[in-house]
Amino acid sequence: GRAFLLYNDLMRVFHQHFAIPDEEMLDIILSVALHSTLQKKDSPLWIVLKSPSGSGKTLLGWMPFQTLESVRNIDSITTKTFITGHKNGQDLLPKLNNTLVLMKDISLISSMQRNQMLELLSQLRHIHDGTLQSRWGSEKVSANYSVMFDLIACTTPNLWESIHVVDANLGERMIPISQRISPAARDEIGDRAGANNGRRAEIQN
């Protein structure tokens, strides 16, 4: 049917511009992107693309979606990323509702101090589960945010394990997707990435 033809056309475009060592990972990435466009959904889809540096995960999980209006990029993540903790602060979280959030390097969490890491992981759990409350000091005034967004994040296997060990419960919400890649495929990824330098706008269009 028409959907099958559109899928084949899309895969052809990806193969034209990128080395695709693992089509199953690409299928999952596209499924999450499609899920983010649905008006009604029961729960968010959060995935972590887990593969070594230079394997092309960022190209597949970030670059192709930059022209979509519903995409929001988070380049760095701290305990103040989603909620500022200030009464008059401009919280980001409510602006992420019904979007596709992309994080090129979620492994930055692993470099945080332990107490900050635990606080952030707790925030992520609450966001995924449906509600995060923002409190301002000792005041009773607070905000309850009920949002839902889909997420594609990238990391390396070792750094993901350092996060997962601290908070095993996060793994139930953030599904790690391991990329299968051979040494020959990695060489091809590097060659294709070099050939694509300066062609980002062309590829995204």
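**Fold and local features of the predicted chain**

Contacts between residues 24 or more positions apart make up 76% of the chain's contacts with a separation of 6 or more. Contact here means heavy atoms within 4.5 Å. The model is predicted: local features need a pLDDT of at least 70, side-chain atom pairs count only at pLDDT 80 or more, and totals for chains, interfaces and linings use all residues. Residues are numbered from 1 along each chain as its sequence is written, and side-chain values use heavy atoms, with hydrogens and water left out.

The pLDDT is the predictor's confidence in each residue, from 0 to 100. Its average over the chain is 81, and 79% of the residues score at least 70. Confidence is highest in strand E3 (residues 100–103), with a mean of 96. It is lowest in helix H8 (residues 200–204), with a mean of 61. Where pLDDT is low, the predicted coordinates should not be read in detail.

The chain holds eight helices and seven strands. Both are DSSP runs numbered from the N terminus: helices are H or I with at least four residues, and strands are E with at least two. Of the 205 residues, 42% count as buried. Buried means under 20% relative accessible area, exposed means over 50%, and partly exposed lies in between (1.4 Å probe, protein chains only).

Five strands form an open sheet. Their order is E2-E3-E6-E1-E7, and the pairing is parallel. The edges are strand E2 (71–73) and strand E7 (174–178), each of which pairs on one side only. Neighbouring strands are turned by 20° against each other on average, direction ignored. Two strands count as paired if DSSP finds at least two bridges between them. Strands of a sheet pair through backbone hydrogen bonds, either parallel or antiparallel.

Strand E1 (residues 46–50) pairs with strand E6 (residues 150–155) in the parallel sense over five bridges. Within this pair, Val-48 has Ala-153 as its bridge partner in E6, and Lys-50 stands opposite Thr-155. E1 also pairs with E7, again in the parallel sense and over five bridges. There, Ser-178 in E7 is the bridge partner of Lys-50.

E1 is mostly covered, with five of its five residues buried. In a regular strand the side chains alternate between the two faces of the sheet. Trp-46, Val-48 and Lys-50 lie on one side of E1, Ile-47 and Leu-49 on the other, and all are buried.

Helix H2 (residues 23–35) packs on the sheet and touches E1, E3, E6 and E7. Its direction makes about 155° with that of E1. Axes are lines fitted to C-alpha atoms, for helices over the stretch in contact, and angles run from 0 to 180 degrees between N-to-C directions. His-35 belongs to H2. This residue is buried, because its relative accessible area is 16%. Not counting residues up to four places away in sequence, His-35 touches Lys-41, Ser-43, Leu-45 and Asp-150. His-35 and Phe-149 are 114 residues apart in sequence, yet their C-alpha atoms are 9.7 Å apart in space.

Helix H4 (residues 114–129) includes His-128. The expected span of a helix is 1.5 Å times one less than its number of residues. For the 16 residues of H4 this gives 22 Å, and the end C-alpha atoms are 22 Å apart, which agrees. The buried residues of H4 are Met-117, Leu-120, Leu-121, Gln-123, Leu-124, Ile-127 and His-128. They cover an arc of only 155° around the axis, so they lie on the same side of H4. The arc is that of the directions from the helix axis to the C-beta atoms. The face turned away from this buried side carries the exposed residues Arg-114, Asn-115 and Asp-129.

His-128 is buried, because its relative accessible area is 16%. Leaving aside neighbours within four places in sequence, its contacts are Pro-44, Trp-46 and Arg-173. Just after H4, Gly-130 takes a positive phi of about 125°.

Most residues other than glycine have a negative phi. Asn-98 lies in the loop between E2 and E3. Its relative accessible area is 43%, so Asn-98 is partly exposed.
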